[in-house]
Amino acid sequence: MSTAHLHAVPRPTDLVELYAEAPLPTRHGLLRAIVFRERGTDKEHVVAVKGELRGQESVPVRVHSECLTSEILGSLKCDCREQLEHALDLIGRSERGAVIYLRQEGRGIGLGNKIRAYALQARGADTYEANRALGFGDDLRRYDIAAQMLKQLGARSIDLITNNPAKIAALEAEGVVVHRRIPSLAKTNPHNIGYLKTKRERTGHLIELAEQKTSA
Ligand SMILES: [Zn+2]
């Protein structure tokens, strides 16, 4: 185990350590990119931070799980890219905030299994039926890592950008103080409307499926 920690003396319960940090000019203004590594591995997660979070209350935060298919390939099967852009735009316009980007593709089942699930969906299964057919639970995402990242960033309480009540509960169970919920954007298109409706019906997502109006 390495003993060269510049920032703090690690407790054995720490799952992540701050590995790198730099200013990052973005389309959403000047942010800071902060990379955390899962201790004892080379698995990395990144936070885009605006302003100073330490000691602050009600910091707008999105805890976002990687979605390569929509964010990189432009897939219309989900709304992850829009939610990510919405959150980055929101923190960019705020005095402070953070988007925690967790590398847990496909609700935690990984990219290859996600595409296998898509193959089943192409033959008529919904998201949850497909995951179960592959032997996975509905949602393998974990939030203990995000909670520890938030703790190290020093925010006292957050306003979580989400439509997912289970995510609020999971973070609160890890000791995060969630002051209130900021609704996340959910834009519909002909390819994701079924997915969004299933998500709302099966998992209690608080999704408003009304047409989104874009401001001029
Ligand atoms: Zn997605």
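Two residues are in contact when heavy atoms of theirs lie within 4.5 Å. The structure described here is a predicted model.

**Ser157**

Ser157 sits in the loop that runs between helix H5 (144–153) and strand E6 (158–161). Leaving aside neighbours within four places in sequence, Ser157 is in contact with Gln56, Glu57, Ser58, Val59, Val177 and His179. For Ser58 there is also a polar pair: a polar atom of the Ser157 side chain lies 2.8 Å from the backbone nitrogen of Ser58.

**Nonpolar cores**

The largest nonpolar core has 26 residues, and Val61, Val63 and Ile100 have the most contacts inside it. Elements giving two or more residues to this core include strand E4 (59–65), strand E5 (97–102) and helix H6 (165–173). H5 provides the largest share, 6 residues. Not counting residues up to four places away in sequence, Val61 touches Ala98, Ile100, Leu150, Ile158, Asp159, Leu160 and Ile161. A second, separate core has 11 residues, among them Ala48, Leu84, Leu88 and Ile161.

**Zinc site**

The zinc ion is coordinated by the SG atoms of Cys67, Cys78 and Cys80, at 2.2 Å. The spacing of these donor residues in sequence is C-x10-C-x1-C. Cys67 lies in the loop between E4 and helix H1 (68–71), and Cys80 lies in helix H2 (residues 80–93), so this pair ties together parts that are 13 residues apart in sequence.

**Burial**

A residue counts as buried when its relative accessible area is under 20%. The table lists residues named above.

| Residue | Relative accessible area | Class |
|---|---|---|
| Ser157 | 4% | buried |
| Cys67 | 3% | buried |
| Cys80 | 16% | buried |

Notes. Residues are numbered from 1 along each chain as its sequence is written. This is a predicted model: local features need pLDDT of at least 70, side-chain atom pairs count only at pLDDT 80 or more; totals for chains, interfaces and linings use all residues. Side-chain values use heavy atoms; hydrogens and water are left out. Helices (H or I, at least four residues) and strands (E, at least two) are DSSP runs, numbered from the N terminus. Buried means under 20% relative accessible area, exposed over 50%, partly exposed in between (1.4 Å probe, protein chains only). A polar contact is a pair of N or O atoms within 3.5 Å; within protein, one must be able to donate a hydrogen and the other to accept it, and residues adjacent in sequence count only if both atoms are side-chain atoms. A nonpolar core is a set of buried Ala, Val, Leu, Ile, Met, Phe, Trp, Tyr and Cys residues joined through side-chain atoms within 4.5 Å. Donors are N, O and S atoms within 2.8 Å of the metal (3.2 Å for Na, K and Ca); water is not among the atoms, so sites may look incomplete.
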